[in-house]
Amino acid sequence: MGEAIVITSGKGGVGKTTTSANIGTALALQGKKVCLVDTDIGLRNLDVVMGLENRIIYDLVDVVEGRCKIHQALVKDKRFEDLLYLLPAAQTVDKSAVKPEQMHKLINELKQDYDYIIIDCPAGIEQGFQNAIAGADRAIVVTTPEVSAVRDADRIIGLLEKANTIESPKLVINRIRNHMMKSGDMLDVDEITAHLSIELIGIVADDEEVIKASNHGEPIALNPNSKASIAYRNIARRILGESIPLQPLEDTNKSVFGKIKKFFGVR
Amino acid sequence: MKKRQNVTIKGTKDGIVLHLDDSCSYEELKKELDEKLSANQSTHTERHLTPVKVDVGNRYLNDAQREEIKNLIRQKKNLVVDDIESYVVTREEADKLKAENEVVTVARIIRSGQVLEVPGDLLLIGDVNPGGTVIAGGNIFIMGSLKGIAHAGVFGNDQAVITASSMQPSQLRIHDCINRAPDKAQNKEKREMECAYIDDNHQIIIDRLQVLINLRPNLNRFEGGH
C-alpha cells in the first residue's frame with residue numbers, strides 16, 4: 001500500500017507543478033513506483049512539464065465518470081522502466097467536475113499499485129484544493145521567500161491541520177536567491193521556518209536551468225549536474241526517510257550555510 | 001399559633017434586607033409582600049430613597065419575576081432594590097458565568113485565516129500569525145508572538161488587557177478601541193514582554209508587562225499565602 005503526498009502552496013506561481021514533477025521524477029530515480037496526479041482540472045500543465053502532453057488519451061475526469069479504467073488514462077513515462085506514470089487533469093471542464101469523495105476513492109485505488117502518489121494541487125483554497133487533499137496522507141507545502149507566498153502557505157497549513165487526516169505538513173522553500181537573502185532583501189530560511197513552524201524538508205535555489213528544463217518537458221531532476229536537481233533528489237530521499245543535511249546554496253557563501261547548519265544544530 | 005411569616009424585614013449593618021421565604025408559592029409571597037409593605041406605610045416618613053437588598057433564599061426567580069418583585073417594592077415605599085440575592089442559578093447561567101471567568105488554555109498556532117474565540121480569558125501557548133485572529137471576552141495572554149489581530153474584552157470589558165511575549169500585532173482591539181501597527185516598519189527593536197490596555201483617554205497603550213501590576217490589580221486571582 002503506497003502513500004499519497006499532496007504538493008500545495010495556496011499562492012499560484014511558486015512552483016507546485018515543477019516541484020511535483022521533480023519530486024516524482026527523483027522518487028522514480030530512487031527505484032520507487034510513482035504516479036503523478038494532476039488535479040488542476042481546467043488548467044493542467046504537469047503533463048507539459050513532464051513532456052507527456054502528446055500521449056494523453058483519457059484524463060482524470062474520464063476515470064472519475066467511468067468513461068475509462070484507471071490504467072487506460074495513465075500515461076507512462078518512457079524514460080523510466082515502468083516506474084513513473086502520470087494521471088493528467090482534464091482540460092475541457094473545471095474543478096467542480098470532481099468531488100472530494102471521488103478523488104479519495106481514486107487515490108485509494110492508485111495506492112494499491114504504486115509506492116508514491118504525488119498529487120499536484122491547484123492554487124487557491126476552493127474546491128480544487130479540497131479535491132487535491134481528499135486522498136492525501138502527507139502534504140508538502142511549497143513557498144518562496146516572499147511575504148505573500150509565506151502568508152498563503154500559513155493559511156494552507158492551517159487548512160491542512162484542520163483536515164487532520166493528513167500528517168503534519170513539510171515545507172519546501174523554492175526559488176531562493178542567495179545574494180538577496182544574504183543582503184536581507186528576502187526573507188531568510190530560518191525566518192520562514194520559524195514563522196510557519198513546520199518541518200523543513202528542502203530548499204531549492206532559483207535556477208534558470210529549471211525553467212529551461214521545464215520548457216523542454218524534461219524535469220531538472222533528470223540532470224545530475226544541476227544544483228536544483230540535487231536539491232530535488234535530496235527532498236525525495238528525505239521523503240524516503242533518509243537524513244540528509246541541507247545543501248549549501250553556494251559554495252562561496254559560508255554565512256547562510258553556517259546559519260542553516262546552526263539552525264539544524266539547534267533543532 | 002400564628003402562621004410563619006413569609007416576608008421578614010431586617011436591618012443589618014449593610015442596610016435593610018428583605019428576606020423572602022423560599023418554601024411558599026410565588027403568588028403567596030407576592031401577596032404578603034404587598035400587604036406587608038402597605039401596612040407599614042405610616043412608619044416610614046423619610047423622603048429619600050432607601051436602598052434595600054432582597055434575599056430570596058433557595059428560590060429561583062426568572063427575569064420577569066425579578067422585575068415584578070422590584071416594581072412591587074419600588075411602588076410601595078421609598079425603597080429601591082439594590083440587588084436580589086438567590087442561592088439558585090440555572091445550569092445555563094452557571095455555565096455562562098463559569099465560561100466568562102475561566103482561563104481557556106490553547107496550545108496551537110493561529111494561522112492566517114483562522115479565528116479563535118473564547119468567552120473568558122485566553123491563554124495561548126503558540127503564536128498568532130499575520131492574518132490570524134484571537135478574540136476573548138476577557139483578557140488575552142499570548143506566550144508566543146502576536147503578529148495578527150487580538151481583540152480582548154469583546155463583550156464590553158474595557159478593563160481587559162492583551163499581553164504577548166513578542167508584540168508585533170497588525171491590529172489590537174480592546175472593547176471598542178482599535179489600534180493598528182504603523183504603516184512604516186519602525187526600527188527593528190524587539191518588542192518583548194509587553195502588554196496593551198485602554199488608558200483614561202480611551203486610547204490603547206502598549207507598555208512593559210510590569211505596569212499591569214499597578215494598573216489592573218484585579219488580574220490577581222491568587223488568594224492567601226504570603
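The model is predicted, and its chain A contains twelve helices and eight strands, while chain B is assigned two domains, domain 1 (7–88) and domain 2 (95–219).

**Strand S10 of chain B and its partners**
- Strand S10 (residues 149–152) of chain B pairs in the parallel sense with strand S8 (residues 133–136) of chain B over three bridges, and four bridges join S10(B) to strand S12 (residues 171–174) of chain B, again in a parallel arrangement.
- B:His151 in S10(B) is the bridge partner of B:Ile135, and B:His151 also stands opposite B:Arg173 in S12(B).
- B:Ile149 and B:His151 point one way from S10(B), whereas B:Ala150 and B:Ala152 point the other way, and all of them are buried.
- In a regular strand the side chains alternate between the two faces of the sheet.

- The centres of domain 1 and domain 2 of chain B, taken over C-alpha atoms, are separated by 43 Å.
- Eight residues of chain B are in contact with seven residues of chain A, and the side of chain B that touches chain A comprises two nonpolar, five polar and one charged residue.

**Overall form of chain A**
- With its twelve helices and eight strands, chain A has a radius of gyration of 18 Å, close to the 18 Å that the globule rule gives for 267 residues, so chain A is as compact as a globular protein of that length.
- Its C-alpha atoms fill a box of roughly 55 × 40 × 30 Å along the principal axes, and 50% of the 267 residues of chain A count as buried.
- Among contacts in chain A between residues at least 6 apart in sequence, 75% join residues at least 24 apart.

Notes. Residues numbered from 1 in each chain as written. Chains lettered and ligands numbered in written order. Predicted model: local features only at pLDDT ≥ 70, side-chain atom pairs only at ≥ 80, totals over all residues. Buried ≥ 20, exposed ≤ 12 C-beta atoms within 10 Å, placed from the backbone. Helix = DSSP H or I, 4+ residues; strand = E, 2+ residues; numbered from the N terminus. Pairing = 2+ DSSP bridges. Domains from an automatic or database assignment. Contact = placed C-beta atoms within 7 Å. Nonpolar A, V, L, I, M, F, W, Y, C, P; charged D, E, K, R; others polar. Rg over C-alpha atoms; globule rule 2.2 N^0.38 Å.
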